[in-house]
Amino acid sequence: MSDSAPTNPASEESSSAVATLEPGPVSQWLNTQGFDHDVLEPDHVGVEQIGVESAVLPIIAAAIKSHGFDYLQCQGGYDEGPGERLVCFYHFIAMAEQVEAMTAGLPHELREVRLKVFLSREGTPSLPSIYGLFRGADWQERETFDMYGIEFEGHPHPKRLLMPEDWKGWPLRKDYVQPDFYEMQDAF
């Protein structure tokens, strides 16, 4: 009888799959610049995804902006499920490069990358706002706050966007319980 713990072949396969993830071009560039991040699996259409800690999000966002990703195409959130993490994502594209190539009539492949921040749903999840770098984050961060309760530190207008100001809860969280009714208050 062996003293070693039995191994689970499924867990070995998943750990080897994680270990074999190759960093994409943006991840490789971040490594050369000394930025700590996690290499995530590309999405279903092959867009490179990078995991970052919330504290360094503005720094890495500024770095990739200087690397040509000058347009925040989309910012949003999602819930991995009850008891699981909340995820905040930022999808950037290199718009200026694309416009230059199109006006010159040159073939060009669109460069895009997605940053993801994984947050605990316990307490009040928060991360720094990137509104100072990308003005387009204004309403997008407000919508993510409104639907998931993720606060964006330093955002100039930190209030609900879609729901009434006195609404309780975060409607797109998977553990949200919808109230039986909502009593309208004076709206003026």
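How many helices and strands make up the secondary structure of the protein chain? There are five helices and seven strands, where helices (H or I, at least four residues) and strands (E, at least two) are DSSP runs numbered from the N terminus. Starting at the N terminus, the order of elements is α-α-β-β-α-β-β-α-β-β-α-β.

A word on the model: it is predicted, so local features need pLDDT of at least 70 and side-chain atom pairs count only at pLDDT 80 or more, while totals for chains, interfaces and linings use all residues. Residues are numbered from 1 along each chain as its sequence is written, and side-chain values use heavy atoms, with hydrogens and water left out.

**The chain as a whole**

The protein chain has 188 residues, and 36% of them count as buried. Here buried means under 20% relative accessible area, exposed means over 50%, and partly exposed lies in between (1.4 Å probe, protein chains only). A contact means heavy atoms within 4.5 Å. Among contacts between residues at least 6 apart in sequence, 57% join residues at least 24 apart.

**The nonpolar core**

In soluble globular proteins, nonpolar side chains tend to be buried together. A nonpolar core is a set of buried Ala, Val, Leu, Ile, Met, Phe, Trp, Tyr and Cys residues joined through side-chain atoms within 4.5 Å. The largest one here has 30 residues, and those with the most contacts inside it are Ile 64, Tyr 90, Phe 92, Leu 115, Leu 127 and Ile 130. Two or more residues of this core come from each of α2, α3 (57–66), β4 (86–93), β5 (112–119) and α5 (137–148). Helix α3 gives the largest share, five residues.

Ile 64 sits in helix α3 and counts as buried because its relative accessibility is 0%. Leaving out residues up to four places away in sequence, Ile 64 touches Val 26, Trp 29, Leu 30, Phe 69, Phe 92, Val 113 and Leu 115. With neighbours within four places likewise set aside, Ile 130 is in contact with Leu 57, Pro 58, Ala 61, Leu 72, Tyr 90, Phe 92, Ala 137 and Glu 141.

**Strand β4 and the cysteines**

Phe 89 belongs to strand β4, and it counts as buried because its relative accessibility is 17%. Beyond its neighbours within four places in sequence, Phe 89 has contacts that include Cys 74, Tyr 78, Arg 114 and Leu 115. Cys 74 is partly exposed, because its relative accessibility is 30%, whereas Cys 88 counts as buried at 0%. Searching the whole structure turns up zero disulfides, a disulfide being a pair of cysteine sulfur atoms within 2.5 Å.

**The largest pocket**

On a 1 Å grid over the protein atoms alone, a pocket is an open set of points where a 1.4 Å probe fits, with protein on both sides within 12 Å along at least five of seven lines; lining residues have an atom within 4 Å of a point. The largest pocket holds about 280 Å³ of space. Its lining has 20 residues, with Pro 25, Gly 46, Val 47, Glu 48 and Glu 112 nearest the centre. Elements giving two or more residues to this lining are α2 (25–33), β1 (38–40) and β2 (48–51). By class, the lining has 11 nonpolar, four polar and five charged residues.

Helix α2 also holds Gln 28, which counts as partly exposed because its relative accessibility is 44%.

**Pairs across the sequence**

Here are some C-alpha to C-alpha distances.

| Pair | Separation in sequence | C-alpha to C-alpha distance |
|---|---|---|
| Ile 64 and Ile 93 | 29 residues | 9.8 Å |
| Phe 89 and Val 52 | 37 residues | 10.0 Å |
| Gln 28 and Val 39 | 11 residues | 9.6 Å |

Key
Points joined across faces, edges and corners; volume = space filled by probe spheres on them. Nonpolar A, V, L, I, M, F, W, Y, C, P; charged D, E, K, R; others polar.
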